[in-house]
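Have the sequence and the structure side by side as you read.

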Amino acid sequence: MLEIDLVPCLRDNYAYLVRDLATGLTAAVDPSESAPVLKAAAAKGWTISHVMNTHHHPDHVGGNLAIKEATGCVIVAPRPDEGRIPGIDIAIEDGGRFSLGDSLALAIFIPGHTRGHMAYWFEESKAVFCGDTLFALGCGRLFEGTPEQMWRSLERLRRLPGDTRVYCGHEYTQANARFALTVDGANAALALRAKAIDGLRAQGRPTVPSTMAEEAATNPFMRADDPVLAAAMGLPAAGPVAVFAEIRRRKDAF
Ligand code: FE
Ligand code: ZN
């Protein structure tokens, strides 16, 4: 089993320290920068043995080399991003398995935000690290992928058990909620969640992790195959990819 510690980085990024309790091996997931991550590990008395990157963007890999220099850690990252993620030791592919001590992670290929993006799912600990593909109440921008790819990626994530905790790459939830209410305003669960998020942010507390069940019920990007969202987008006869694309287009302009 894992203990997971959230480490705020840069302006609104989250890195995570993920410790396998049985062996003490500890991974830093998406270290935007080294200093806060090393400091958080030291405060816990943990030594970082691994870095795990979801994708190549600088705000997810910026701390790789300095953490490796400080700890001699092993860096695990998506194979499609070989050549653009610094310090890769283990290049992992879709369906690849990786052991952090006694905790097994499965790599799930979720392109759309970038063409190499990977999620890491720790089934036993009910946790998924999904970078900038799925956010609490949102999804990443399509920098290197199509709406179809992103929709398939979100669908793959949605098939994980509902009690899976969703650890995403940014604290964007409050702004995402404001947008979500404009496209799915009759969703009572969304309205409740938006209130709870406002409460957390008013106290300066993180809104992450959420659960996959919450995202499936309230995240408009995950609901693109719901007739309610299709109707709201003015596309009652369209399939989920077209509905997803329209929601994404509106969010980009929001
Ligand atoms: Fe990011
Ligand atoms: Zn990104």
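Leaving aside residues up to four places away in sequence, Leu235 touches Ala230, Ala242, Val243 and Glu246. This is a predicted model, so side-chain atom pairs count only at pLDDT 80 or more. Leu235 itself is found in the loop between helix H8 (227-232) and helix H9 (240-252). Its relative accessibility is 27%, so Leu235 counts as partly exposed, since that class lies between the 20% limit for buried and the 50% limit for exposed.

Now let us turn to the aromatic rings. The model holds nine aromatic pairs, with ring centres within 6.5 Å as the criterion. Two of them share Tyr16, as the table shows.

| Pair | Centre to centre | Angle between planes | Type |
|---|---|---|---|
| Tyr14 and Tyr16 | 6.3 Å | 45° | tilted |
| Tyr16 and Tyr167 | 5.2 Å | 80° | edge-to-face |

Why is the pair of Tyr16 and Tyr167 edge-to-face? Their planes stand at 80°, and angles over 60 degrees count as edge-to-face. This pair links distant parts of the chain: Tyr16 belongs to strand E2 (residues 13-20) and Tyr167 to strand E13 (residues 165-168), 151 residues apart.

Are these tyrosines buried or exposed? Tyr14 and Tyr16 are both buried. Tyr16 has a relative accessible area of 2%, and Tyr167, at 6% relative accessibility, counts as buried too. Ring pairs also bring in Phe122 and Phe129, which join Tyr14, Tyr16 and Tyr167 in a cluster.

Definitions and conventions. Residues numbered from 1 in each chain as written. Chains lettered and ligands numbered in written order. Predicted model: local features only at pLDDT ≥ 70, side-chain atom pairs only at ≥ 80, totals over all residues. Heavy atoms only, no water. Phe/Tyr/Trp six-rings, centres within 6.5 Å; stacked < 30°, edge-to-face > 60°. Buried < 20%, exposed > 50% of the residue type's maximum accessible area, 1.4 Å probe, protein only. Helix = DSSP H or I, 4+ residues; strand = E, 2+ residues; numbered from the N terminus. Contact = heavy atoms within 4.5 Å.
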